[in-house]
Amino acid sequence: MSRICLFPGTFDPVTLGHVDIINRALPLFDKIYVGIGINASKSPMFTAEQRMEWVKEIYANEPRVESVVYEGLTIHYCQMIGARFILRGIRYVSDFEYEKTIADANRTLDCKIETIFLTGEPKYTSVASTIVRDIIRNGGDATPFLPEVVARSVKSLN
């Protein structure tokens, strides 16, 4: 049986913190779907297609990573793609408290799907998409927080 994992998030934009979690998860899974969730309560800065393209470019040479866009419950999407694992990155204790609540709800909905938490590298702890978007919106240089592909793309938009 394949170890299929969904790494859900908004990835708006994809940051070095996201890439760190994906890279460190690669030895653990046969397939990682980077699931770009559509959340009606959020107004993303970048289109879902743009975010999906960034992941495709970053992992062009890694067939085990695939970017997808999905809507609805994460657990339902896991069931649809046959994922037995949900991957989440943790930066701070507060992240864990929030993520554990979601993991508990997901386990109640489907006890066969496990949530796996990876802690981020300390150098990426301060990298949050919300902060990066604020830097971009205000004309700052977000390059230190972004993979090269994303940084180039963002600069071309300004």
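Accessible areas here come from the Shrake-Rupley method with a 1.4 Å probe, and for residues only the protein chains shown count as cover. By that method the protein exposes about 8600 Å², with carbon and sulfur atoms supplying 54% of it.

A few ground rules before going on. This is a predicted model, where local features need pLDDT of at least 70 and side-chain atom pairs count only at pLDDT 80 or more, while totals for chains, interfaces and linings use all residues. Residues are numbered from 1 along each chain as its sequence is written, and side-chain values use heavy atoms, with hydrogens and water left out.

**The whole chain**

The protein has six helices and five strands, in the order β-α-β-α-β-α-β-α-β-α-α from the N terminus. Both kinds of element are DSSP runs numbered from the N terminus: helices are H or I with at least four residues, strands are E with at least two. Along the principal axes, the C-alpha atoms fill a box of roughly 45 × 35 × 30 Å. The radius of gyration, taken over C-alpha atoms and compared with a globule rule of 2.2 Å times the number of residues to the power 0.38, is 15 Å; a compact globule of 158 residues would come out near 15 Å, so the two agree.

**Helix α1 and Arg 24**

Helix α1 covers residues 16–25 and holds Arg 24. Seven of the 10 residues in α1 are buried, among them His 18, Ile 21 and Ala 25. Arg 24 itself is partly exposed, as its relative accessible area is 31%.

What does Arg 24 touch, not counting residues up to four places away in sequence? The partners are Leu 118, Thr 119, Gly 120 and Glu 121. Thr 119 sits 95 residues from Arg 24 along the chain, with 9.9 Å between the C-alpha atoms.

Two polar contacts belong here (pairs of N or O atoms within 3.5 Å; within protein, one must be able to donate a hydrogen and the other to accept it, and residues adjacent in sequence count only if both atoms are side-chain atoms):

| From | To | Distance |
|---|---|---|
| Arg 24 side chain | Thr 119 backbone oxygen | 2.7 Å |
| Thr 15 side-chain oxygen | Gly 17 backbone nitrogen | within 3.2 Å |

The Thr 15 contact lies at the start of α1.

How values were computed. Buried means under 20% relative accessible area, exposed over 50%, partly exposed in between (1.4 Å probe, protein chains only). Contact means heavy atoms within 4.5 Å.
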